[in-house]
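Subject: Structure handover

Hello,

Here is the structure for you to take over. My notes on it follow below.

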Amino acid sequence: MKDFVNIFEISDEFIKEYAVAWLNRKIFNLYNRILCVLLIIFGLILIIVPIKYSIGPDLIFIGISDIIVSLMLSISYLINIKKYTNTMKSRIEILGKNIREVKNEIHDNLCITTNNIKDRSHEILLSFLDYHFESKNYYFLIFTGDILVTFKKNGFIVGNFNEFKNFLSKYPKKKSKRALILGICLTILILINLKYLSTLYKFYLIFSI
């Protein structure tokens, strides 16, 4: 039997970190964020170089489109962070206004969560764990029914984070389909850009002779 006991405080820092981590896992994972940055870089190249060498408007339009797509995704990212942060605050306000400190425990295949309101305690089997993911300071468990149980990485009073993470490795860690679809679309855009950048490089070689 493996035991873990963890204590953390509900704060604005926790709420925002959860919103960012959830959004990054759901849609804007690291791969997609890197591709957005690359699109901006490629877009600037496809705008600046054709203007400098008077190559024509086609590449410039593509560059502008790249930047527009990246900016739209970036704006969507920021808007959704605020949205999910506010949603989380509202849920806490409704379901546990006076909850400030939470103690979460795992004993073999059972997860127990309690808080500073003594009469509120819940138990759930780990077999109902749908997926789990981490942020900088927290590890989040999502059970069936979108039930969130949070463990702070430096909040363990029984066990430690490395043992905890290794213990959870046998449970599902599903990938988000939305993040996968966005990643495929951005990858296609990057490949198209590489084709036009290759054409642009040939023009550069001609003009530099």
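The bridge partner of L129 in β6 is F143. This is a predicted model, in which local features need pLDDT of at least 70 and side-chain atom pairs count only at pLDDT 80 or more, while totals for chains, interfaces and linings use all residues. Residues are numbered from 1 along each chain as its sequence is written, and side-chain values use heavy atoms, with hydrogens and water left out.

β5 and β6 (residues 138-143) run antiparallel and are joined by five bridges. Strands pair if DSSP finds at least two bridges between them; helices (H or I, at least four residues) and strands (E, at least two) are DSSP runs, numbered from the N terminus. The open sheet has three strands in the order β5-β6-β7, with antiparallel pairing. β5 (129-134) and β7 (147-152) are at the edges with a single partner strand each, so one side of each has no neighbour in the sheet. On average, neighbouring strands are turned by 20 degrees against each other, direction ignored.

Helix α4 (residues 161-168) lies across β5, β6 and β7 and runs at about 30 degrees to β6. Axes are lines fitted to C-alpha atoms, for helices over the stretch in contact (heavy atoms within 4.5 Å), and angles run from 0 to 180 degrees between N-to-C directions.

**Salt bridges**

The count is four salt bridges, each being a side-chain nitrogen of Lys or Arg within 4 Å of a carboxyl oxygen of Asp or Glu. K165 forms one with E134, with the closest N and O atoms 2.6 Å apart. This pair links helix α4 to strand β5, across 31 residues. E134, K153 and K165 are linked in a network of salt bridges.

E163 forms a salt bridge with K2, the closest N and O atoms being 3.8 Å apart. E163 is in helix α4 and K2 in the segment before β1 (3-9), 161 residues apart.

**Around K103**

K103 is in strand β2 (residues 101-107) and forms a salt bridge with E105. K103 counts as partly exposed because its relative accessibility is 32%, whereas E105 is buried at 14%; buried means under 20% relative accessible area, exposed over 50%, and partly exposed in between (1.4 Å probe, protein chains only). Leaving out residues up to four places away in sequence, K103 touches V5, N6, I7, I112, T113 and T114.

Regards
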